[in-house]
Amino acid sequence: MLLSVRNLSIQFPSRAGLVRAVEDVSWDVNAGETLAILGESGSGKSVSASAVMNLIETPPAVIPQGQILFEGHDLLQADAETRRRINGKSISMIFQDPLAALNPVYPVGWQIAETMRVHGIAPDVAQARVIELLARVGISEPERRMKDYPHQFSGGQRQRIMIASAIALKPKLLIADEPTSALDVTVQARVLDLLKEIQAEDGMGMVLITHDLTVVERVADRVVVMQAGRIVESGTSAEVMRNPQHDYTRRLLDAIPGRAGFSDIAAGRPMLEVQSVSKIYGGLARQFARLRTQPVRAVDDVSFTMAKGETLGVVGESGSGKSTLARMILGLDDPTSGVIRFDGRAMQGQSEAEAYKMRRRVQFVFQDPTASLNPRMTVQQIIAEPWAIHPDVLPKSQWRTRVAELLEQVGLKPDHADRHPHQFSGGQRQRIAIARALALKPELIVCDEAVSALDVSVQAQVIDLLKDLRRDYGLSYVFVAHDLALVRDFATSVLVMYGGRIVEQGPVRDVYDNPQHDYTKALLRASGVIPQQAA
Amino acid sequence: MRHIILALLACASPALAGPETEVKIVLPAGPDRLDPCEMPRSVIGRIIKQNVVETLVELNYADATLMPRLATSWTQDSPTEWTFKLREGVTFHDGAPFDAAAVIAAMERTIDPALTCITRTKFFDGVDITATAVDPLTVKFTTAQPSPILPTLLAQMAISSPNTPLGVYTNEPIGTGPYRFVEWVQGQDVTLERSGEYWGEEPVITKATYVWRSESSVVAAMVATNEADLAFSIAPQDATDPDMDKVYPNSDSAMFRLSVDVPPLNDIRVRRAINLAIDRTAFLGTILSEEATEATQQVGPNVFGWNDSLTPWEYDPDEAMRLLAEAKADGVPVDTEMRLIGRPAMFANSNEFVQAVGEMLRAVGLNVNMETLEMSQWLEVANKPFDPARKPNIFLTMHDNNSGDAAFTVYFKYHSNGRQSELHNPELDALIEKAATLSGDEREAAYNEVFRMIYQDIVSDVPLFHMVNYMRIGPRIDFTPTIANAVELQLAKLQLKSS
Amino acid sequence: MPSSIPASVTAELPAAQGRRKSAILRSLLRDRYATVSVIFLLIVLGCAIVGPTLLAEQARALNLKGRNAAPFSLDAGWMFILGGDALGRSLLARIVVASQNTILISATAVLFSVLVGGILGLIAGYRGGWVGDVLLRLADAIMTLPSMLLAMIVLFVFEPGVTNVILVLAVSRIPIFMRTVRAEVLELKQRMFVVAARATGASTSRILLRHIAPMVLPTIINLAALEMAFVMLVESGLSFLGIGIQPPEVTWGLMVADGRNYLGSAWWLAFWPGLAIMLTAMSLNLLTNWLRVVTDPVERWRLETEAR
Amino acid sequence: MGSFIFKRSFQSILSLIFLVIVVFFLARMTGSPAMLYLPPEATQDQIDAYNALHGFDDPLIVQFGSFITGVFQGDFGNSLQYSRPALDMVLAAFPTTLALAAVTMPLVLLISIVTGALAAYHPGGVFDRLASLISLIGASMPNFWVAIVGVLVFAVTLNVLPTSGTGTWQHWVLPVAVLVLRPAGVLVQVMRTSMMTALSSVYVKAAKAKGVKARAIIFVHALRNSLLPVITVASDQAAGIVNGAVIVETVFGFPGIGKLMIDSVLMRDFAVIQAAILVTALAVFLINIIVDISYAFVDPRIRHS
């Protein structure tokens with residue numbers, strides 16, 4: 001038994017009272033084995049791991065009971081210095097967002113070397129080792145790159161660097177807290193593979209904290225499922241996946257997209273026509289240190305037509321230009337070249353008044369509901385704002401009742417109207433955003449990564465909501481996502497974008513059942529819609 | 001925290017003034033130039049006058065009499081002609097001999113229109129004077145108009161070396177004095193050094209460094225801590241140590257000038273009322289030094305022409321109010337707003353003084369509005385041409401007549417053509433013009449009459465005080481300040497205490 | 001670290017909308033420093049409002065013989081508990097009376113620069129373009145000119161009355177607010193909820209007033225409170241140079257400046273008004289620290305939930 | 001970077017031109033100097049002669065023209081008061097103020113960064129409370145008041161420091177102390193806040209997970225990240241030092257540019273005012289550019305963007 005957590009409880013005092021973050025939690029992991037701790041945000045899945053790393057400040061936090069036995073010694077009894085010596089040497093940890101976890105102002109090489117230096121390895125030795133490590137985790141030209149800074153690497157590379165720093169001293173245990181959820185799907189796969197390899201080589205134990213069942217399925221030997229600070233189910237990942245005992249686990253499994261059937265909807269007359277549209281950024285002043293940047297072809301000669309009642313899935317990874325496309329459809333950006341027609345009328349070069357009219361017919365739901373709702377407005381004000389902007393839609397006297405109706409339609413209570421966004425969970429906030437989108441009875445709603453930020457089970461619920469609205473109001477959607485699986489059972493047709501271009505498009509069934517382009521295949525494989533070995 | 005600082009500084013002992021015979025002198029303000037022709041300005045005179053550059057004749061400020069300096073004797077040959085015998089064997093610091101030629105050169109440089117030297121603009125403007133050499137040691141001065149007080153004028157003229165550049169200001173005065181100018185570090189200090197070849201008695205002090213500070217409390221502290229040996233003037237509240245702090249009349253007289261043409265001040269009762277409303281004695285020993293004296297007229301006893309028969313105003317608010325009521329009854333607009341105008345740091349605590357007076361005038365029911373004008377704004381109000389639309393002014397002025405003769409006061413303050421005169425009284429004008437031409441007792445009588453008319457018949461202003469300064473003198477130095485120190489400090493007169 | 005509190009726990013809790021005010025009040029009472037500062041500031045405000053009407057005469061009554069009366073003696077009556085000034089006027093009375101001008105000047109000056117600077121900042125930040133550039137250059141220029149010097153020159157051109165002093169102080173502070181607002185706006189206009197408003201067809205004025213301005217406000221309020229304290233000090237500096245407020249008008253700054261001549265002989269002349277400035281400055285400072293917390297929506301929400 | 005500096009300098013020139021124009025005309029609105037330099041008795045002829053001599057009788061625009069042409073030949077005209085080239089006087093006075101600033105700012109930064117960092121490490125702790133109290137007091141005392149009290153305490157009562165003037169290093173202690181007070185007070189607060197943000201970031205967590213020692217976490221990881229706001233505020237404070245210098249130089253008789261400016265405004269010595277403003281403005285813009293560069297030095301993200 002390498003590490004075993006026994007009956008651990010951790011509590012945070014807050015103004016709202018004592019918060020029981022984890023309650024009587026026990027789990028353990030052996031050398032060479034991978035334990036997945038599965039749960040959604042707020043389930044307390046990462047708290048016990050933080051306790052292992054002594055990252056939980058006590059006070060304010062309290063640990064009323066439990067042990068953390070590492071090779072038989074209880075870390076909770078050990079003094080700070082001892083634990084410092086264990087951190088990074090015997091147990092190391094990588095974090096969800098590598099950009100945040102790497103210190104922006106120091107070269108990556110220096111940061112990797114630091115791990116070794118603080119544990120008494122001579123700087124020059126450390127330097128040499130850094131190069132090996134970078135090479136090991138698959139960073140090309142390590143000698144040169146070690147002098148670069150975090151922001152000069154891609155998301156995947158940063159996580160590899162984190163890993164390099166974590167394995168520098170061949171720790172016995174590696175704790176990975178959501179190591180891939182901030183990464184693009186295809187990159188996720190590669191990073192997970194890397195972790196597996198390294199584990200195989202060094203035979204270290206690994207604790208993998210995640211909300212993503214596909215990740216569990218792929219790498220974990222055993223899994224514990226957490227909900228609201230408690231362990232609700234545990235076992236080998238295979239059996240848990242096969243027949244989940246706890247219904248929470250079952251819900252999680254059902255929520256995994258891409259298992260329901262395709263949605264077929266008769267297409268009506270063309271509504272949105274996009275003709276050889278390109279968007280070129282760069283040459284213009286950027287934010288912060290305002291300097292010129294190389295021109296970037298964000299969207300490159302994209303053309304498609306979308307019929308009324310259709311739901312068009314636009315799939316691609318970060319930088320594929322899918323969001324830029326969405327912004328242009330919303331008229332927030334103008335194409336550098338090409339035309340976008342809505343209902344036969346070109347959106348560019350139309351008068352203020354025309355644009356103003358059109359905005360009423362095209363609404364939107366953005367990725368991060370927290371950011372897209374003004375924190376200083378009440379729900380009432382937020383949902384009613386479109387009417388304030390388009391006064392002729394609804395007389396002020398009816399605002400309240402209408403807001404109440406909308407709230408109910410999106411599954412919230414009318415009395416939520418007077419609250420502020422930060423008083424809701426992510427899913428609820430997104431529902432508010434949807435309610436706002438519905439306020440003007442639009443014909444088309446553009447959803448830009450509308451569910452990506454949400455927990456799997458919540459994703460499913462929101463998608464279902466959108467489906468119902470589609471059914472009830474004959475709405476059309478442009479649904480932008482980075483995960484093919486999501487789109488599969490919602491969209492009627494799909495665009496796959498890569499580097500600003502459309503690499504594949506067609507009815508959802510065709511694209512999924514026989515993908516043409518290699519990239520599409522890679523995507524499908526990565527998002528677990530089709531099994532690893534296939535294709 | 002503080003202890004650490006102290007520990008840190010314990011080693012550091014403040015810089016003391018130099019060896020025994022060297023002195024450091026603190027002035028209230030630094031010089032802007034050191035040209036001998038600007039000597040009458042106290043900020044310059046206090047450094048160079050009679051130390052670096054000397055005059056033909058020296059004025060005894062105590063009694064306005066004249067003493068020989070570079071001239072041994074002088075005679076008036078005719079109303080427009082004076083002859084001066086020069087001292088023998090005197091040389092300038094640059095080696096040039098002191099003779100008739102040198103005097104003529106100095107005179108010509110002083111009246112050179114290319115420079116706006118105060119000696120010319122203040123004393124020799126329109127005098128139209130020429131100097132000629134009778135022999136190497138005799139000079140004859142001839143003036144267009146009769147000039148009874150030429151020697152007094154010459155007491156203001158510095159005799160600088162004939163090598164002093166013409167037409168441009170110099171900042172390196174060269175004279176015949178006991179001290180030679182060494183250097184002037186801008187914004188920092190001026191250094192003089194005993195020349196060693198002085199024609200007169202060798203002074204004790206070998207070297208003098210002049211520095212300047214504006215904050216009185218700092219100045220006082222400098223002498224108290226032996227950083228400096230002598231401070232020209234410190235505020236009364238800082239003059240707390242009778243052993244060090246010596247008082248001396250600074251020849252300044254403070255008064256309020258009243259704009260006698262503007263109602264209600266055009267009514268003499270109002271002007272009297274103002275005089276009666278101010279409790280002068282209350283200021284002595286409080287805001288002002290108890291050594292300051294109540295003034296009866298614009299000039300002090302040290303000035304030739306001072307009228308000793310005038311008496312100070314009593315403090316009588318009731319009488320003041322009666323007069324005002326009376327005036328009001330006759331339809332004088334006594335409650336028009338009047339400007340009570342002062343200037344920052346005119347004298348120590350002058351701000352407080354003006355505020356207090358303001359309250360006193362309010363007390364008798366006058367409607368005054370205090371204003372503090374900065375120098376150049378103040379001058380615009382002080383000098384003609386006066387703004388025709390001006391409000392009635394109660395205008396604080398300081399006048400220093402340190403040239404010893406009333407002529408330098410009465411013309412420009414009371415003659416119709418005087419630049420700062422509110423008056424236009426033909427009778428008075430005639431008298432002033434006449435007095436200027438007289439000499440001796442007649443002259444004195446004439447000026448006495450002038451002052452009587454102004455202060456008894458006309459009451460054109462509110463005489464306040466003859467001011468004093470406190471000089472703080474360090475323990476090493478033996479010196480008693482006199483009125484002369486308003487414009488000069490003869491280092492030769494400083495003695496060291498034989499300790 | 002509160003950030004490590006799991007989101008779910010803080011997620012869905014019924015609001016205490018109606019009780020927010022009382023909640024804020026309670027949080028104020030919880031923060032001892034903030035409470036004390038608020039009380040002190042209220043007292044100052046009270047003095048500023050009623051002081052002059054009550055004590056105007058006591059503040060002007062001369063007593064040259066009893067000048068510089070020492071503090072802490074009741075011989076001259078409680079009015080002289082803080083001692084008397086150079087003209088024998090009650091320091092206590094003068095400080096109370098002076099509070100009006102002091103607060104009036106610093107408050108209006110800051111208010112003015114907040115308004116002007118704020119609006120310019122909004123424009124410079126949202127419109128950007130050459131307008132923004134020009135505005136920035138002007139701000140730079142003003143920032144470069146030592147405010148003391150600017151004040152001096154301007155106050156020589158126009159006489160140093162209360163209004164002009166306010167004006168000068170305001171102008172010299174405008175750039176601070178303009179820059180801050182601009183920086184904030186630059187960041188805010190990228191926020192999704194602003195984009196959302198645009199996508200719904202909201203007019204620029206609506207976006208600025210309904211969405212951006214409210215977000216900038218807290219920062220501005222905090223800054224303003226700090227600036228007020230600073231303005232008091234600058235005003236005092238002007239008086240030191242003799243170009244500030246002119247008697248018989250009086251401010252704390254002027255009192256300190258006048259009192260400095262007596263620091264050697266009668267420390268209390270400059271000490272009490274100086275203390276008044278210092279305490280006000282500190283109170284404002286502590287108050288802003290507390291404001292920073294309540295104006296942060298998440299923090300404020302904690303208060304609400306706590307108020308259940 | 002280079003192009004960036006070029007851009008900044010260009011902008012600075014614009015502000016500079018604006019500044020020069022404003023100051024030129026504002027200054028002349030304060031009235032004619034003639035009366036200040038002539039005795040009260042001076043006649044109107046004397047005044048006219050004086051104005052003619054210095055060209056004050058030309059129309060303003062003509063005066064401005066000749067001033068500008070002069071500037072481009074590096075000639076700011078002569079000081080009325082000292083009848084010496086204005087630029088020489090300014091350049092003579094400038095080093096003192098520069099030296100004051102050069103001693104003050106590093107001290108300010110050192111004090112505020114160390115204090116702020118330590119205060120932030122245990123927010124609400126004894127040191128934190130003490131630090132913010134002292135910094136608050138420091139930031140809210142009128143500096144001339146501190147200056148004079150300083151003289152009375154350290155020079156007169158304790159007699160460990162000279163009252164005023166220049167010369168030995170002791171002469172610098174009080175002036176610098178007075179100048180340090182306010183900026184340090186402000187910066188401690190800034191540093192504390194931004195340090196607390198840095199300490200709550202993920203990379204600090206990561207560093208702990210690596211086993212980095214507490215001290216290293218503060219002074220190596222968090223410190224550098226929390227410097228940007230400090231630098232920004234510091235640059236404003238540095239520009240503001242001239243204001244403090246005005247007062248410090250007046251009280252301690254330092255021959256610096258602050259006092260020179262005030263005196264020349266009082267004496268309507270326009271040439272000197274203009275030269276002084278231009279030189280200080282240049283200095284401030286230099287500071288700004290240095291600050292921008294130091295941003296890039298502190299934060300590589302700026303360097304590479």
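**A close look at helix α13 of chain B**

Modeller: Let's start with length. Helix α13 of chain B covers residues 426–437, and at 1.5 Å a residue its 12 residues should span 16 Å; the C-alpha atoms at its ends sit 17 Å apart, which agrees. Bear in mind that this is a predicted model.

Now for which way the helix faces. The buried residues in α13(B) are Leu428(B), Ile432(B), Ala435(B) and Ala436(B). Looking down the axis of α13(B), you'd find its buried residues within an arc of 100°, so they line one face of the helix. The background is simple: an α-helix has 3.6 residues a turn, so residues three or four places apart point the same way. Turned away from the buried side of α13(B) is a face with the exposed residues Pro426(B), Glu427(B), Ala430(B) and Glu433(B).

And what sits over the buried side? The cover over the buried residues of α13(B) includes α12 (407–414) and α14 (440–458), both of chain B.

Where they touch, domain 1 of chain B puts in 15 residues and domain 2 of chain B puts in 20 residues. On the domain 1 side of that contact in chain B, you get 12 nonpolar residues, three polar and no charged.

Then there's the packing of nonpolar residues. The largest nonpolar core has 486 residues, and the members touching the most others are Val478(A), Phe479(A), Ala231(B), Met152(C) and Ala147(D). This core takes at least three residues from each of domain 1 and domain 2 of chain B. Apart from it is another core, of 19 residues, including Phe304(B), Ala407(B), Ala435(B) and Ala436(B). As a general point, nonpolar side chains in soluble globular proteins tend to be buried together.

Back to Ala231(B) for a moment: beyond its neighbours within four places in sequence, Ala231(B) is in contact with Val26(B), Val219(B), Ala220(B), Met222(B), Val223(B), Met471(B) and Arg472(B).

Technical notes
Residues numbered from 1 in each chain as written. Chains lettered and ligands numbered in written order. Predicted model: local features only at pLDDT ≥ 70, side-chain atom pairs only at ≥ 80, totals over all residues. Core = buried A, V, L, I, M, F, W, Y, C linked by C-beta atoms within 7 Å. Buried ≥ 20, exposed ≤ 12 C-beta atoms within 10 Å, placed from the backbone. Domains from an automatic or database assignment. Contact = placed C-beta atoms within 7 Å. Helix = DSSP H or I, 4+ residues; strand = E, 2+ residues; numbered from the N terminus. Expected span 1.5 Å × (residues − 1). Arc of directions from axis to C-beta. Nonpolar A, V, L, I, M, F, W, Y, C, P; charged D, E, K, R; others polar.
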